[in-house]
Amino acid sequence: MGTELDTLRRTLPMVGAEPAVLDDTRIAHVVGHGHRILSRRTVPGLRLDLEETQDAIVGKMVIEAGVTIAQPIHMCFGLAHPTGVQQIKINVKVEDGASARVLSHCLFPLAKAAEHRMQAVMELAAGASLTYTEGHYHGPHGGMQVLPHATIRIGKGARYFSDFSLLSGSVGQLDIDYLVEVEEEGLAELAAKIFAHKTDQIMLKEAVILRGERSRGLIKTRVVLEGQARAEITGVTEAHAKGARGHVDCMEIVQGQAHASAIPIVRVFHPEAKVTHEAAIGSVDKKELETLMARGLSPEQAVEMIVSGILR
Amino acid sequence: MPAPLLEIRNLTFEIGRQTILDRLDLTIDPHEIHALLGANGSGKTTLAYLLMGCDGYVPTAGTILFEGIDLFPLKMHERAQRGVTLAWQEPARFEGITVREYLTLGRQDRAPESALAQVGLAPDRYLHRRVDKSLSGGERHRIELASVLTMKPRLAILDEPAAGIDMLSINHIIQIIRTLKEAGGSIVLITHQEEVALIADRASQLCGGRIIFAGSPREVVDHFRGRICVRCDGAVCGY
């Protein structure tokens, strides 16, 4: 167990986290390897009820009403071996007026034929706020299959921000499916940034359903593909109520033999609602490239700078 | 007489059957600000793109010598590394890239703070901003000029550097152009604004892809205003 925990700890910097966060008694965390929980700590106002079963880590996380968790909660899941399966089934509840930030680290540094499934249900009560930042590292081999599926319900006046990133190493196969329902004056902002190489395959589907009056939603996706990578990005926004506002913004940069598609779907069911979308797929913008070359960067340096900016 | 910094001879550029530049001759001396005036479509921006070597801009005929070296075999970044640069009329916007990164481009010898201050933008307010849609047109223009300043170019081609700049800030732009000259550079200054054109040492008027009149900035501005076109008599340039 110690070896596996050490491996996951050592991999944390790949997603921008410091291993020392797991030692800090002020910071809540859970570390799961396969279907075993290797380490956990909670803080006042946070209930973390997780258990190990044969085929999943199952449980719930509750941020109690009115509580603001000052430090981010670290959820570190992964596998320290080339093969294996991990399944997480988790319910997250952010009660009335509560606020928290979750940093979810999904680490599979040695994966050659491994699978990670996440089934999450998140509920944000009235006035609650949750920022969910999810960083993935799947190692260099491209042998990972990752299927995060989530249903997120955002209550009246609640705010939900998610930021998924997979920027180092290979992606493998990634199949994201998120459904977000937003009630009156609620806000959902979903961002995803992925850099895919070789034969990586990405399916990303995010749907924001604006059910309440003056609810707002934003889906922002940035994907860069090279080699023979493939991506299909679907952003769905539906507006059902007066004053609802939604926007879908997808940009995919395609290099080499890679293929990309973007499918923005917007549906409006109320005359005083509005949803807009923009999608751009192609090579690096010529004018941006030439501007940097006119300052002395080589074409390769210019592309690298433009891509690194897009994926921030 | 010093050798010219830039020597353009018989430069012709055609797209299909359309002649954009027609046997154009022009020289730029070291430390010279040279204003280019002309109606829309007269070939000013095309000339700028040919000088910089933008994609798709290969001359049909003629030569461009920069410090005696033929520019055509050189790619865009190689021209830049020799000291030639271009500030676009509508500068590009970059998602995610900060002003500091844009001005330094990874080089330690570029001073973004002073360049920003020279274009009238407070460094502490702008260095961490992104060079994206959040900047106004005027702010983006100034940052473009700041990026030229940090390069200390031998030849800066400025395409409408004062476009979108408010009246009160025009003097900043004029001062920047003078600073570029004081730093040892020459400037090809494409402009429609008289007060900007008048800071040049010399000026030329383009019409139909040729230089039809050259002289002092005042002479060329007056000539342009007088709508005297000896070559086409108004048929080509739309006078």
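Modeller: A cavity here is a set of grid points where a 1.4 Å probe fits but cannot get out, and its volume is the space filled by probe spheres set on the points. Please bear in mind that this is a predicted model.

Colleague: Understood. How many cavities of 30 Å³ or more does the search of the whole structure find?

Modeller: The search finds 2 of them.

Colleague: Which residues are closest to the centre of the largest cavity?

Modeller: They are A:Met122, A:Tyr132, A:Glu134, A:Ala150 and A:Tyr178, out of 13 residues in the lining. By class, that lining consists of 10 nonpolar, 1 polar and 2 charged residues.

Colleague: And which strand gives the most to that lining?

Modeller: That is β11(A), with 4 residues. At least two residues each come from β8 (113-124), β9 (129-137), β10 (144-154) and β11 (159-166) of chain A.

Colleague: What lines the second largest cavity?

Modeller: Its lining includes A:Ile219, A:Thr221, A:Asp249, A:Cys250 and A:Pro264. In chain A, β15, β16 (230-239), β17 and β18 (259-268) each contribute at least two residues to it. The classes there are 8 nonpolar, 3 polar and 1 charged.

Colleague: Let us change topic to helix α3 of chain A. How many residues does it have, and what does it reach from first C-alpha to last?

Modeller: Helix α3(A), residues 299-310, has 12 residues and reaches 17 Å, close to the expected 16 Å.

Colleague: Which of its residues are buried?

Modeller: A:Ala302, A:Val303, A:Met305, A:Ile306, A:Val307, A:Gly309 and A:Ile310 are buried in α3(A). The buried residues of this helix pack against β13 (187-196), β15 (216-225), β17 (245-254) and α2 (286-293) of chain A, and also against α3 (99-104) of chain B.

Colleague: What does B:Ile143 touch?

Modeller: Leaving aside residues up to four places away in sequence, B:Ile143 touches B:Val99, B:Tyr102, B:Leu103, B:Leu116, B:Leu121, B:Tyr126 and B:Leu135.

Methods:
Residues numbered from 1 in each chain as written. Chains lettered and ligands numbered in written order. Predicted model: local features only at pLDDT ≥ 70, side-chain atom pairs only at ≥ 80, totals over all residues. Heavy atoms only, no water. Expected span 1.5 Å × (residues − 1). Buried < 20%, exposed > 50% of the residue type's maximum accessible area, 1.4 Å probe, protein only. Contact = heavy atoms within 4.5 Å. 1 Å grid on protein atoms, 1.4 Å probe; cavity = no way out; pocket = protein on both sides within 12 Å on 5 of 7 lines; lining within 4 Å. Nonpolar A, V, L, I, M, F, W, Y, C, P; charged D, E, K, R; others polar.
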